[in-house]
Amino acid sequence: SGRQIFQPLHTLRNAEKELLPGYHQFEWQPALKNVSSSWDVGIIDGLSGWTTFVEDVPADTISRRFRYDVALVSALKDLEEDIMEGLRERGLDDSICTSGFTVVVKESCDGMGDVSEKHGNGPAVPEKAVRFSFTIMSVSIRVEGEDDGITIFQEPKPNSELSCRPLCLMFVDESDHETLTAILGPVVAERKAMTESRLIISVGGLLRSFRFFFRGTGYDEKMVREMEGLEASGSTYVCTLCDSTRAEASQNMVLHSITRSHDENLERYEIWRKNPFSESADELRDRVKGVSAKPFMETLPTLDALHCDIGNATEFYKIFQDEIGEVHQRSNPSREERRRWRSTLDKQLRNKLKLKPVMRMNGNYARRLMTREAVEVVCELVPSEERREALKRLMDLYVQMKPVWRSTCPSRDCPDQLCRYSYNSQQFADLLSTTFKYRYDGKITNYLHKTLAHVPEIIERDGSIGAWASEGNESGNKLFRRFRKMNARQSKTFELEDVLKHHWLYT
């Protein structure tokens, strides 16, 4: 309608003040360690609680956040009607259900590249931002006499930007480990305190007690490696879930199980730091399997569905190029030839599928590339019949595997593919290690390894991969840009709090 519906902070109507964190009263039992007990706290400086010493370089970064517990209370009060509705649907008398509520929270954190304002000319200033957000995935209650909890609320769209609530916005480069950890430090401390305590708030007119479980699954691999103290993603330790090296993963593509955990990473870091057996650098690195920094924040080892799509599509794109150039018959072609194959491939995809070449593979391109019609189009350029068959078979298997780690609830949405997953991944791996051996001799990409080796195990543990992915947070990145452009005051100090507030109201 062209009407400006977002108002500056000081003119908010009461309805909006009710929706923002800091409005509802609550208490923790026992009180949270090192967290103030006041409940009417709105937007705070992301560096608050960070005492600077004389010799500390003051972090010249701008960051705004909500206090974690205050934000969670606000999010729960938003769900008040859903919770009451859920109790009624399950036939539970809400006057007896005052304790035993469990809330499961998905946490996501993602760095955004260039968020600088596009204003005319001049040198491009790299301005990067990091956003940390959470989604309430489910609320369940344990009734006396029952062993299992009864779920009374389940987030129907766990990957929508509407259910993904911003907690902390900061202008930091996600690679700047020091600053990132300084700002997220208090968040981690609050989160740890909350796991050891119960929240008492009034829901439906009665005081009820909630406990929280946090699952950090909405991180891409780069962020997980940074938070968990692992080497960067080019490391020989290919996986954030198991200890396999790249060479091992390319030999044995399917049979791996999840071994890494936050606590183990902490132990390994201690070994790395102390080197108790006085080993050489290589031996030591092999002992700790590439953990060489202190794990900072506990993440839940999982597979990030969105980046998995992108990583595998990049891989297929390269296979397509190699097949056009028949690399399996000859070794190391020149860069010129490779460039030629690539432009042939791009031209074909553009003409037949209207797929414009992209600089960096993105989600949408990946989804369009990984289809049967795309492989048909590519096969028109592949000279030999048997290679065409192999390519089609490869894509066919992939298309069957993909819904298992994309869907929110695979056992409901694609039970057949779920049952066949291990078999399909074995077939896929066999194809790669025979027909496409030229690409997988001693090397394999991180996400391909995870796709083949870890999916069934994660699904057995969590029931889903797609629901726990980082998509909601990624879509929130678009909102960040939009709010920053349209609804924020143009001063560095106020800008982030306006964006944070609008984003919260949007969710």
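User: How much space lies in the largest pocket, and what makes it a pocket?

Analyst: About 1,400 Å³ of space lies in the largest pocket of this predicted model. A pocket is an open set of points on a 1 Å grid over the protein atoms alone, with protein on both sides within 12 Å along at least five of seven lines. Grid points are joined across faces, edges and corners, and a volume is the space filled by probe spheres set on the points.

The model is predicted, so local features need pLDDT of at least 70 and side-chain atom pairs count only at pLDDT 80 or more, while totals for chains, interfaces and linings use all residues. Residues are numbered from 1 along each chain as its sequence is written, and side-chain values use heavy atoms, with hydrogens and water left out.

User: Which residues line the largest pocket nearest its centre?

Analyst: His 307, Ile 310, Arg 360, Met 361 and Asn 362 lie nearest the centre, out of 32 lining residues. A lining residue has an atom within 4 Å of a point. Helix H9 (305–324) is one of the elements that give two or more residues. H9 gives the most, with seven. Helices (H or I, at least four residues) are DSSP runs, numbered from the N terminus, as are strands (E, at least two).

User: Why is the largest pocket said to lie between domain 1 and domain 2?

Analyst: Domain 1 (13–219 + 470–506) and domain 2 (305–462) both give residues to the lining, so the pocket lies between them. The domain bounds come from an automatic or database domain assignment.

User: What makes a space a cavity, and how many of 30 Å³ or more are found?

Analyst: In a cavity, a 1.4 Å probe fits but cannot get out. A search of the whole structure finds three of 30 Å³ or more. The largest cavity has a volume of about 80 Å³. Among the elements giving two or more residues to its lining are strand E9 (206–219) and H5. The second largest cavity has a volume of about 70 Å³. Its lining includes Val 224, Thr 240 and Arg 260.
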